[in-house]
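Keep the sequence and the 3D view open while reading.

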Amino acid sequence: MAKDTAVLKSDLAQNSGQFSTFFVADLYFGVDVLRVQELLRFQQMTRVPQAPEVIEGLINLRGQIVTAIDMRRRLRLPPRAGDHTPMNMVVRTDDGAVSLLVDEIGDVLDVDPAAYERPPENLDPAARELIRGVYKLKDRLLLVLDTERTVDLAVEMTA
Amino acid sequence: MQDQDVIREFLVESHENLSSLDRAFVELEKHPKDADLLASIFRTIHTIKGTCGFLAFSTLEKIAHQAENILSQLRGGQRELTLPLVSMIFEAVDAIRKVLASIEASGEEGPDRFEKLTERLRVAAQLTADESCDSPEIQSVPSQPDPDSSVPFQTGPAALPGPLAEPADGHIASELPEGEKPEESVVKSSAVADANIRVGVGLLDKLMDLVGELVLTRNQILQFNAEREDAALNTTSQRLNLITSELQEGVMKTRMQPIGMVWNKLPRVVRDLAVSLGKQIRLDMDGAETELDRTIIEAIKDPLVHLVRNSCGHGIETPEVRVRAGKPPQGRLTLRAYHEGGQVNIEIGDDGAGIDIPRVKQKAIEKGLLRPEHAEKLSDREALNLIFQPGFSTAQTVTNVSGRGVGMDVVKSHIEKIGGVVDVFSRPGQGSTVKIKIPLTLAIIPGLVIASGGERFVIPQVSLLELIRLEAGSSEKHIEYVQGTPVYRRRGSLLPIAYLNQVLGLKPAGQAEAVSIVVLQAEDRQFGLVVDGINDTQEIVVKPLGKQLKGLTVYAGATIMGDGRVALILDVLGIGKRSGVIAEFHEQTRAAAEQKTQSEIDLQRLLLFRAGSFERLAIPLSLVARLEEFPQSAIERASGGQVVQYRNRILPLVPLRSLLEPGAPCPDPAPDPVQVVVLNDGDRSVGMVVDQILDVAEEAVAVRQKSHRAGLLGSAVVGKRVTDFVDLNAVIRLAAENWFQGAGELPNDKRILVAEASAFSRGLIRSGLEMAGYRVIEAADPDEAIRMLEQQPVDAVVASLDLPPGGTSALLAAMRARPEWEAIPVLALAESAEQVRTHGGRPMGFQDCQVKFDREAMLTSLARLASALASAVPEPVCAPVGAEGKR
């Protein structure tokens with residue numbers, strides 16, 4: 001128990017308290033605003049044949065070539081509706097900028113640190129792999145996305 | 001609370017000082033009495049000591065202080081430089097480095113006080129009087145330094161590189177001249193600041209990026225300009241173009257560093273190794289001023305050091321061994337660097353023992369990298385390249401270089417990653433040389449834009465050899481299939497073909513008007529890549545792919561095109577390997593080995609010649625009676641064809657050219673004399689007119705590809721070149737049409753069963769029979785012969801007397817046992833005329849017996865047998881004819 005609170009504390013220490021949020025299916029995710037570089041409409045993408053399936057393609061971001069990862073596929077969720085164009089959330093990672101393709105972009109939230117908890121057991125296992133913790137909001141859970149794990153494709157998804 | 005900047009400055013300077021100390025000490029060992037060296041070393045340590053004291057780094061100060069004492073004594077001539085002394089001072093230098101590293105990491109000196117070391121230094125400093133006499137002195141280097149061997153780091157300002165940047169900060173000093181050393185309490189920058197300045201690597205990288213962006217934007221402007229007719233835009237964009245190119249060049253130059261930067265820590269490495277291994281090694285460096293892009297220098301640092309360590313450890317022998325071998329006791333390690341053809345060549349050579357090829361093979365077999373039966377067949381070059389195989393080196397040996405276990409395979413992959421190649425040469429007893437070739441720059445390269453599967457890709461121009469376009473209709477003919485693999489005949493050799501759509505899993509193109517092939521080179525292999533379309537060549541900025549995509553070997557990076565979209569850059573070697581056209585080492589040797597065993601069985605001698613537009617034609621030599629030459633004047637016309645009088649007979653001539661290419665015009669002027677290949681067919685002869693006799697080759701022949709062209713049997717690879725085989729039947733038939741009327745001369749649909757164990761002989765017999773117009777069925781032993789007989793009606797059997805296992809008698813017995821076969825005449829073939837005579841002509845129930853390779857006799861006999869059968873009078877055939885009888 002003591003170790004848990006220690007882990008939680010270090011998590012909190014890196015938060016600014018503000019989260020940029022997005023939806024994938026009916027999951028609600030948040031990424032610390034400090035880690036978000038920008039938000040974009042759907043961009044024209046260059047496919048990468050033979051790449052892992054979760055990689056949607058490459059986009060040109062003001063001269064920078066950014067890899068785009070489709071979050072639906074990353075979370076092993078069914079594909080979004082045909083006419084539904086995803087949005088880009090470009091996040092900063094150790095290796096450079098990576099774009100996450102999400103269903104909808106949500107608002108920027110201020111959260112109460114006290115509401116931070118461990119991920120619940122009954123959470124979808126694919127999602128649980130990629131998040132660090134949750135915030136209990138009034139009517140839903142905000143899943144805190146671990147961006148490093150998300151862009152590290154070696155992280156195995158447990159069935 | 002110290003000022004961060006001051007500390008950072010201190011770290012950078014100290015690192016530089018220590019590097020120069022390393023070099024200076026190695027020099028000092030060779031010239032222990034050099035006063036200037038001693039003075040400069042002393043100043044360096046003194047500077048370090050002073051700054052440490054100022055910044056209150058007490059451990060550092062203590063170490064430096066003691067070292068300074070010793071150096072002061074050396075400088076003052078109060079003691080001699082000894083080997084243990086130098087080693088101890090090196091220890092001090094290393095200790096100082098460790099403390100500096102700790103300061104860099106945490107701002108503190110770290111827990112280790114190095115008290116033992118400091119104490120030893122202090123003690124050493126005290127033993128002046130006794131020391132100098134007893135301990136072994138440093139010998140000056142026995143051999144005189146050659147005037148032309150570059151003594152490192154004394155070469156003067158222009159060539160002298162700055163020390164290797166080690167701190168995380170990575171400051172590059174541009175060309176600090178070592179020559180003028182200002183006074184002791186120096187801040188280095190003052191004397192040299194005017195000519196050079198220090199620039200952070202980060203800033204240079206940023207400049208490089210910006211220039212890259214500028215290049216892309218310039219490309220876009222040029223594209224717009226091309227689409228418009230605006231004079232003002234035109235001139236401005238041309239100007240922009242020029243300026244951008246020059247700027248690009250200039251910025252790339254700033255990133256260029258002399259390779260000496262990497263080399264300058266090598267003398268220390270070599271010296272330490274030599275001491276610890278008890279060897280004497282001299283390091284010569286030539287071309288330290290050769291410049292490379294910074295990124296390349298980073299990439300080759302580790303491999304170079306590893307190679308040098310290898311040479312010291314495994315290459316150069318101990319002095320005793322060398323003397324015994326008649327070599328000077330001091331080994332020589334030579335580093336060379338020079339520009340050539342847009343690439344940088346780096347050579348690391350030693351005059352040591354060379355690479356022990358048998359041992360390499362042994363080791364490879366042990367590691368499962370080589371099959372024992374292939375070991376014999378490897379060329380020396382292939383054997384040497386075994387050392388680059390992954391798994392070859394014992395990765396257990398962790399070197400001090402980088403803390404990681406490194407092997408030659410890692411060296412190779414490091415070098416290949418930056419687009420270079422590495423090769424090793426060796427002469428046993430004399431030494432070995434590793435040669436590395438790397439492209440000058442990575443970041444901006446010319447590339448060819450191609451399209452495939454609806455996507456655009458870029459191929460680096462450096463890998464591009466040629467572009468080939470095959471128009472529709474002809475593409476069928478030109479991309480051929482050899483054993484299921486698509487190939488293309490390119491100037492006499494077969495080029496393996498890969499389809500980019502297939503390699504990348506893209507949708508294939510529909511029926512296009514033309515097929516585009518890009519001929520590429522990777523390592524030393526060439527192959528053709530079929531793409532949907534070829535666009536133009538552009539200068540592109542190479543951007544690396546993110547780590548999620550780094551594992552894809554088919555891509556070398558990505559770039560942004562003129563229209564702003566991203567395009568992937570293909571990795572030619574990756575594509576080649578992925579498509580299988582570049583076979584792995586093992587495959588090659590295995591295939592070669594298999595091929596060799598095959599060929600041993602089925603060698604045939606072939607006559608090679610050329611006719612018309614067919615550069616290379618062949619027929620089995622055994623079917624050739626003679627090669628003749630006739631002057632044009634001897635050729636006469638008769639019965640609608642050409643003939644020539646020959647040996648009291650009339651020889652009909654068949655111009656092969658008109659058979660293969662009917663309607664083609666005759667060459668003008670007609671060749672004189674005319675080359676004729678005389679073929680015998682029973683009693684008759686035919687002269688086949690060719691353009692030129694080329695050669696006789698001995699090859700295993702398996703016709704690889706059937707031909708649909710009249711006059712050709714098919715094609716196969718002979719003497720490494722695709723060769724067409726002439727259908728002699730067609731030649732004879734043509735002659736017959738022209739000349740021989742008369743029925744029944746050509747027994748066209750008689751079936752002969754040839755029973756003969758040796759495939760080679762069987763083939764010969766078969767060719768002979770087929771040429772005469774018979775249909776041939778083959779069997780290798782009596783059982784098979786029986787099976788064949790059961791399957792189809794046979795008109796006659798030609799069987800070898802020594803047919804194993806039961807011998808021909810078994811076959812005969814079986815045949816006689818069946819009523820339907822009883823009447824089939826059997827012609828026995830004996831090995832020699834003796835055998836024929838021994839058996840008295842009709843041994844054991846054969847109708848006849850001839851010598852195996854007397855084709856004429858065989859054919860004559862067969863004709864007689866066959867016609868005898870046809871006339872349904874089973875008359876016994878006449879006495880045998882020996883080989884001599886016929887001709």
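## Chains and selected sites

In chain A, 48% of the 159 residues are buried. This is a predicted model. Chain A contains 4 helices and 11 strands. Among its contacts with a separation of 6 or more, 55% link residues 24 or more positions apart.

Chain B has 887 residues, and 47% of them count as buried. Its secondary structure consists of 30 helices and 37 strands. For contacts with a separation of 6 or more in chain B, the share between residues 24 or more positions apart is 67%. Chain B exposes about 42800 Å², with 52% of it from carbon and sulfur atoms.

**A helix pair in chain B**

Start with helix α2 (residues 35–54) and helix α3 (residues 58–75) of chain B. Their axes come within 9 Å and cross at roughly 155°. An angle over 145° counts as roughly antiparallel, so α2(B) is roughly antiparallel to α3(B). The crossing of the two helices is left-handed.

Which residues of α2(B) and α3(B) meet? From α2(B) come B:Leu38, B:Ala39, B:Ile41, B:Phe42, B:Ile45, B:His46, B:Ile48, B:Lys49, B:Cys52 and B:Gly53. From α3(B) come B:Leu60, B:Glu61, B:Ala64, B:His65, B:Ala67, B:Glu68, B:Leu71, B:Ser72, B:Leu74 and B:Arg75. By class, this contact has 12 nonpolar, 4 polar and 4 charged residues.

B:Leu71 deserves a look of its own. This residue lies in helix α3 of chain B. Is B:Leu71 buried or exposed? Its relative accessibility is 0%, so B:Leu71 counts as buried. Leaving out residues up to four places away in sequence, B:Leu71 touches B:Phe25, B:Ile41, B:Phe42 and B:Ile45. Take B:Ile41 from that list. B:Leu71 and B:Ile41 are 30 residues apart in sequence, yet their C-alpha atoms are 7.7 Å apart in space.

**A strand residue in chain B**

Now move along chain B to B:Asp724. This residue sits in strand β32 (residues 721–726). Its relative accessible area is 13%, so B:Asp724 is buried. Which residues does B:Asp724 touch, not counting residues up to four places away in sequence? They are B:Phe614, B:Arg616, B:Leu617, B:Ala618, B:Leu712, B:Gly714 and B:Ser715.

**Two loop residues in chain A**

Back in chain A, two loop residues can be taken together. A:Ala25 is in the loop between β1 (18–24) and β2 (27–32) of chain A. A:Gln50 is in the loop between β3 (36–40) and β4 (55–61) of chain A. The phi of A:Ala25 is positive, in a residue other than glycine. A:Gln50, also a residue other than glycine, has a positive phi as well. The values are set out here.

| Residue | Phi | Relative accessible area |
|---|---|---|
| A:Ala25 | near 55° | 33% |
| A:Gln50 | near 75° | 32% |

How do these two sites class by accessibility? Buried means under 20% relative accessible area and exposed means over 50%, with partly exposed in between. A:Ala25, at 33%, therefore counts as partly exposed. A:Gln50, at 32%, is partly exposed too.

Notes. Residues are numbered from 1 along each chain as its sequence is written. Chains are lettered from A and ligands numbered from 1 in the order in which they are written. This is a predicted model: local features need pLDDT of at least 70, side-chain atom pairs count only at pLDDT 80 or more; totals for chains, interfaces and linings use all residues. Side-chain values use heavy atoms; hydrogens and water are left out. Axes are lines fitted to C-alpha atoms, for helices over the stretch in contact, and angles run from 0 to 180 degrees between N-to-C directions. Angles under 35 degrees count as roughly parallel, over 145 as roughly antiparallel, 65 to 115 as roughly perpendicular and the rest as oblique. A crossing is left-handed if the near helix is turned anticlockwise from the far one by less than a right angle, and right-handed if clockwise. Contact means heavy atoms within 4.5 Å. Ala, Val, Leu, Ile, Met, Phe, Trp, Tyr, Cys and Pro count as nonpolar, Asp, Glu, Lys and Arg as charged, and the others, Gly among them, as polar. Buried means under 20% relative accessible area, exposed over 50%, partly exposed in between (1.4 Å probe, protein chains only). Accessible areas come from the Shrake-Rupley method with a 1.4 Å probe; for residues, only the protein chains shown count as cover.
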